[in-house]
Amino acid sequence: MLIIFKKVIYIYLILGLNIYFCSYFLSKISARTELRRGYVAARAGGFGRPFASIFKYMSKEHRLSVWEMLLFFFSFFIWTVIPFSQSLIIIKFDFDIIAVILFYLVLVFLIIINACSSSYGFIYNNFSRKILMMFTFFIPLLFCIASIVLISRTLNLKEIVGSQYQYWNIIFQPLGFIAAVTSVVMQLKMLGLTGKNPILYSETAEKEGAGFGRLVNRTAEYSIMFFLIVIIVLLYLAGWERFFLINGNVMFGIKFYVVFFLLLFIDKATPKLNDFYYLKSVNFKFVIPISVINFLLTMVFFILRNIYNLI
Amino acid sequence: MAKELYDGIYSSHKTVFIEKIEKNLGFYLKDHILEIKKLGQELLCAIRLSDLDDVCQELNKNPEFDINILNSVSHYKSRNKHCLLIDLSSVSNNFSMLLKVVMPLPGDAETSQIMQLFESSISVLKKTFEAAEFFSERKNLQEDSSDIIIQAQQIDGLDCFDLYLSTEEDMIKKAFIDTGIARVSSKELHKNTVLPDVLSCISRYDHSAGLFPELCICLSFEELMQLKVPRRVQYIRMLLSELYRVSSHLYFVSRIAKIIGAELVYNLVLLERERALRLIELITGSRISPNFIRIGGVKNDLNADKIKAARETIEILYRKVRNIEALLLDNSVISAKLKNRGSVDRETALLCGVTGPNLRACGARYDIRKNRNLLLYKDMSFIIALGKYGDCLDRVLVRFREIYQSIKIIDQAVNDLPEEHIKKLINLSDLAIPFTEMISSVECPHGVFKIFMEIQDELIQNIIVLSPSKNSVYLAERILPDSRFEDVELILASLDINSGELIS
């Protein structure tokens with residue numbers, strides 16, 4: 001029991017620290033790319049800015065809805081099945097990748113329900129479209145996960161990472177990696193994470209007040225973003241596998257931040273994506289076909305190697 | 001020297017053409033016309049309300065006039081008589097004229113009577129010009145099209161009208177724009193004021209390019225007094241006009257970038273606009289309302305420092321704007337967002353009376369800098385930027401090309417600036433002006449900006465601003481149906497509707 005409690009503290013400490021660093025870098029880089037002064041104005045004091053924001057949000061009055069609370073807790077439950085290292089995982093079971101997918105879908109569903117709380121019809125309409133688009137952008141990610149499962153022949157994330165001890169999956173699955181990254185970028189764009197306002201609050205913040213709820217939502221969003229990044233790192237970039245002399249845990253951190261900055265720069269280089277017809281065409285004409293082709297190629301490879309023993 | 005002598009002796013081909021039109025009008029409509037005047041390169045015809053239908057039919061059907069565009073209709077009171085001012089133009093024959101319709105009403109008539117007669121004259125106009133419906137009272141539309149109401153100030157930069165939309169799912173079926181919130185009676189505002197007072201505040205009609213209303217008023221006075229303005233003054237005016245055009249177009253690009261979500265481009269464009277505004281400030285002493293143009297001259301001459309600053313600024317501006325264009329339009333996501341949104345064909349644009357870059361984006365070659373002898377643009381080498389499909393992408397592209405052409409004109413103006421003394425400015429209080437009507441038009445960044453004035457004894461009796469943004473609003477009402485709700489903001493911003501112009 002004590003071990004599990006220790007693990008929980010470790011995991012949430014790591015998450016908390018990363019949320020702090022990411023929010024700092026996000027604001028700093030956003031300000032730089034948009035030619036704003038940003039935290040430069042506060043100099044070294046800028047490091048304390050995320051804390052100041054937390055206190056500011058906490059001190060404002062805000063009524064939390066049930067859905068917001070559920071969203072907040074679910075965004076943390078998702079980390080119970082995701083391994084951070086060989087031993088740092090709270091719940092161990094063999095099909096954890098399926099649990100991860102289910103948790104994520106529930107999270108997205110909760111976002112829809114939360115959007116219903118808005119009294120503005122158009123905003124609800126807009127939100128529900130966004131969320132439906134997010135579901136469709138999850139389809140290529142599912143195909144990519146299926147391909148990885150086929151080549152690793154396991155549904156356990158720890159074993160998937162372990163199977164990459166020699167070669168990373170990105171070498172075997174370059175098409176899958178492209179599809180997965182595109183899908184994640186699109187989902188992050190739709191969530192509007194790197195913008196000034198997060199998705200759950202983007203259009204209702206000024207009208208319905210901002211306070212502790214904003215803090216809750218923001219944390220939930222970071223949790224979603226981290227989940228998507230960690231999935232890419234675990235599936236394609238060999239997670240915590242050591243790299244020559246570099247320690248595995250350090251490598252995990254480096255890979256996480258490389259993917260984070262990559263996504264951030266892609267996000268800043270592309271305009272706002274609120275054109276659903278354009279997104280639909282990108283998804284169904286580019287991302288899904290690539291992921292399907294990748295899946296079929298993997299399937300053929302799997303059949304030739306494991307059934308006919310040709311490779 | 002020889003050129004100046006030639007210009008003094010012979011009228012330009014445009015003036016000859018206008019005189020010919022004047023004679024034709026006198027010939028074909030001699031029974032209907034009360035009075036006909038040539039005011040600069042514009043014509044003013046006074047007619048009775050009962051003759052309105054016949055005159056419109058003749059002007060529309062006679063190939064010698066071929067007037068097919070109605071730009072605006074406004075009501076005003078002149079010397080105790082109620083009149084209608086109808087602005088008409090012909091793109092094929094390249095001229096415009098104003099119809100002054102005298103209404104059979106006493107000076108102290110009630111508002112309801114005036115409105116009734118106004119509506120009846122609009123219904124007469126509708127037979128010939130479809131665009132006339134825009135100027136009638138349209139409250140019934142407001143009640144029909146109210147699925148979604150976007151009130152003023154809800155969309156960035158579009159704070160001068162309420163938008164009523166009737167939608168089917170996300171497709172707009174009907175749109176109505178109510179500009180009532182922005183309407184202030186300019187006629188009463190400037191009544192019995194002296195010209196210097198008007199000149200100092202007229203730039204409020206165009207907050208993004210405040211020089212053009214001033215220029216318009218001064219040009220009309222110069223035309224009235226047949227003043228020969230020094231070439232150096234004309235060059236300085238052209239330089240400033242083009243600088244304001246660049247600034248206004250950059251402001252337009254920044255709005256588009258903001259709506260699309262290209263934050264980097266948005267900030268970069270505003271930085272470049274700041275560069276242009278600083279040069280304007282250096283020359284005129286002010287940024288938004290310059291109060292710089294005077295009758296027969298300008299407030300200050302350009303010294304060597306200002307010329308040097310202008311040379312340096314335009315060089316940097318050209319480079320930076322090229323980069324911004326590449327950043328904005330080489331991005332396939334942005335091009336896809338702008339392409340095929342709010343497309344307008346040439347005929348629709350002409351029918352709505354749209355002028356300026358919005359018309360040129362549809363492929364119509366109409367720019368009064370070239371078509372008329374405005375300032376000394378005939379000395380400058382530049383081309384008219386044209387689009388093809390009339391969509392949002394074309395409107396942005398046309399404005400980018402106009403920025404390059406403006407920079408080219410500024411470069412020529414700076415390099416060829418004549419060495420000449422600016423003569424003493426005219427003092428209006430020395431002149432006894434009888435009751436006179438004046439019209440003048442300039443090509444402002446949003447289209448053809450026209451001012452009609454009545455003056456008597458140095459006091460202004462009436463000022464009517466015939467602004468291009470009103471026609472853009474009408475065009476927006478025409479193109480918003482059958483477009484998606486998400487594109488509303490983009491389409492409205494791409495038409496560059498200026499709130500200042502709607503005030504009148």
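Visitor: What pattern does chain A follow, read along the sequence?
Guide: Chain A runs α-α-α-α-α-α-α-α-α-α-α-α. Keep in mind that this is a predicted model.

Visitor: How many helices and strands is that in chain A?
Guide: Chain A has 12 helices and zero strands.

Visitor: And what share of chain A counts as buried?
Guide: 32% of its 311 residues.

Visitor: What about contacts in chain A between residues at least 6 apart in sequence: what percentage join residues at least 24 apart?
Guide: That figure is 74%.

Visitor: Let's pick a helix. How far apart are the end C-alpha atoms of helix 11 of chain A?
Guide: They are 31 Å apart. Helix 11 covers residues 248-269, and at 1.5 Å a residue its 22 residues should span 32 Å, so the two values agree.

Visitor: Which residues are buried in helix 11 of chain A?
Guide: Phe252(A), Lys255(A), Val259(A), Leu263(A), Leu264(A) and Asp267(A). Their arc around the axis is only 165 degrees, so they sit on the same side of helix 11 of chain A.

Visitor: Over to chain B. How is chain B divided?
Guide: Into domain 1, residues 13-135, and domain 2, residues 186-502. Their centres, taken over C-alpha atoms, are separated by 27 Å.

Visitor: How many residues of domain 1 of chain B are in contact with domain 2 of chain B?
Guide: 23 residues of domain 1, against 26 residues of domain 2.

Visitor: Which elements give two or more residues to the domain 1 side?
Guide: Strand 1 (33-39), strand 2 (42-48), strand 3 (69-78) and strand 4 (81-90) of chain B. Strand 3 gives the most, with seven residues. The residues on that side of domain 1 divide into 10 nonpolar, eight polar and five charged.

Visitor: Now helix 8 of chain B. How many of its residues are buried?
Guide: 11 of 15, so mostly covered. Among them are Phe212(B), Pro213(B), Cys216(B) and Phe221(B).

Visitor: What covers the buried residues of helix 8 of chain B?
Guide: The cover includes helix 7 (195-201) and helix 9 (231-260) of chain B. It also includes strand 10 (293-294), strand 12 (436-444) and strand 13 (447-456) of chain B.

Visitor: How far does helix 8 of chain B reach, first C-alpha to last?
Guide: Helix 8, residues 211-225, reaches 21 Å, close to the 21 Å expected at 1.5 Å a residue.

Visitor: What comes just after helix 8 of chain B?
Guide: Gln226(B), which takes a positive phi of about 55 degrees.

How values were computed. Residues are numbered from 1 along each chain as its sequence is written. Chains are lettered from A and ligands numbered from 1 in the order in which they are written. This is a predicted model: local features need pLDDT of at least 70, side-chain atom pairs count only at pLDDT 80 or more; totals for chains, interfaces and linings use all residues. Helices (H or I, at least four residues) and strands (E, at least two) are DSSP runs, numbered from the N terminus. The expected span of a helix is 1.5 Å times one less than its number of residues. A residue is buried if 20 or more other C-beta atoms lie within 10 Å of its own, exposed if 12 or fewer, and partly exposed in between; C-beta atoms are placed from the backbone. The arc is that of the directions from the helix axis to the C-beta atoms. Two residues are in contact if their C-beta atoms, placed from the backbone, lie within 7 Å. Domain bounds come from an automatic or database domain assignment. Ala, Val, Leu, Ile, Met, Phe, Trp, Tyr, Cys and Pro count as nonpolar, Asp, Glu, Lys and Arg as charged, and the others, Gly among them, as polar.
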